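Me: I would like to learn how to read salt bridges in a protein model. Can you take me through some?

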Amino acid sequence: TRGRARLLAEMLRGEVIRDGWQSEEVREALDLCLACKGCRSDCPTHTDMAAYKAEFLHHHYLGRLRPVQAYTMGLVSRWARLAAIAPRLVNLLTHTPGLSTLLKFTAGIARQRSIPKFARRSFRRWFLGRRAAAPDKAPRGRVILWADTFNNHFQPGSAAAAVEVLEALGFEVMLPRRQLCCGRPLYDFGMLDAARGQLREILDVLGDDIRAGVPVVGLEPACLSVFRDELLNFFPDDPLARRLSAQVRLFSDFLMAIPDWDAPQLGGEALVHGHCHQKSVFGMAAEMALLKRLGIRARTVETGCCGMAGAFGFNARHYDISVKAAESALLPAVRAASENTMIVASGYSCREQIAQLSDRDALHVAEVVALALNRARSAA
């Protein structure tokens, strides 16, 4: 962090680095920044290198073509909406030998990676097509569930589990009337104008609910951190942005704020890996307390980033470093865990890294709570 910050300072002074925002040396130095936001909380000066990187890339590529991955993985929300029209066909194309290799090469994805499969039915489609609980059975009022791109299109079971839990607790679960995206993947590639536009759309669509004080509950730490961080950087003087930032809660934080909840007991053991943005922006205390409330003996993996870091670990140039990061502590801990130990990771990219580099699948904490509820119902 210090070295990259020093290089940016030299660039701004223009004495040693004379080509400013077009500097290839600065771009190269920032290339291996995971944008994990760890420095935002760990660095004594709270330097947010992820924000600096996004700002640099924004200026560096103004009026120029970006790397191909910016248009494939940076625009994942757009591609996911198209893929949702015929997800089985898309999955067949992306996993057919030979064609899959060609697609990965074209998209700038490491050949060792598997392209994540799209769900046969998105969470949003499932939610809008089901029979919702009657409002009179929701004494705790309304909540908006933030259906992010990843839990909506790739792992809808996590979001469905969250709905089950929230409704069981007496909440009326709502979705935004339009499919929205926080723009998190755009920041990785410095596509700040597009990201600002998406945040403006969110404020417009959710405006009435924000003013009414309706809580916004989310599942993906990388997306929720946008509302606590980037949103206020873009709109520091907008009262609606400040209200939304204050009303956003991670799923585990939201549940732990309910004082009179008689939590069902699941028991067992869990190995927990915290998403970098969750550790930096929200902290892990609520998630660990929630697992304890379910009677689970949980311990965290003493490590930093899992190495996937959104699009970083899919990049062909970064694959080896991504694996080394995972092997530093996370993967050995996962391999050493017994079959009866749950692997819990609320970050989508963390779950994807674990699934692709081990023989285990990780659960979102919402799925763990849903398991506890279903076990309690079966025992009743």
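Reply: Start with a group. This model is predicted. In it, Lys37, Arg40, Asp48, Arg184, Asp229 and Glu230 are linked in a network of salt bridges.

Me: Which residue meets Arg184 in a salt bridge?

Reply: Look for a side-chain nitrogen of Lys or Arg within 4 Å of a carboxyl oxygen of Asp or Glu. Here Arg184 meets Glu230, at 3.1 Å from N to O. Arg184 lies in helix 12 (residues 184-188) and Glu230 in helix 16, so the pair ties together parts 46 residues apart in sequence.

Me: Is Glu230 buried or exposed?

Reply: Buried means under 20% relative accessible area. Glu230 has 9%, so Glu230 is buried. Arg184 is buried too.

Me: What does Glu230 contact, leaving aside neighbours within four places in sequence?

Reply: Glu230 is in contact with Lys37, Arg184, Tyr187 and Ser225.

Me: How many salt bridges does the structure hold?

Reply: There are 19. One of them joins Arg317 and Asp31, with the closest N and O atoms 2.8 Å apart. This pair links distant parts of the chain, 286 residues apart. Arg317 sits in the loop between strand 6 (297-300) and helix 21 (319-327), and Asp31 in helix 2 (residues 24-31). Arg317 is exposed at 54%, whereas Asp31 is buried at 18%.

Me: Where do Arg377 and Glu164 lie?

Reply: First, the bridge: their side chains meet at 2.9 Å, N to O. Arg377 lies in helix 24 (residues 365-379) and Glu164 in helix 11 (residues 156-168), so this pair ties together parts 213 residues apart in sequence. Arg377 is partly exposed at 45%. Glu164 is partly exposed at 26%.

Note on methods
Residues are numbered from 1 along each chain as its sequence is written. This is a predicted model: local features need pLDDT of at least 70, side-chain atom pairs count only at pLDDT 80 or more; totals for chains, interfaces and linings use all residues. Side-chain values use heavy atoms; hydrogens and water are left out. Buried means under 20% relative accessible area, exposed over 50%, partly exposed in between (1.4 Å probe, protein chains only). Contact means heavy atoms within 4.5 Å. Helices (H or I, at least four residues) and strands (E, at least two) are DSSP runs, numbered from the N terminus.
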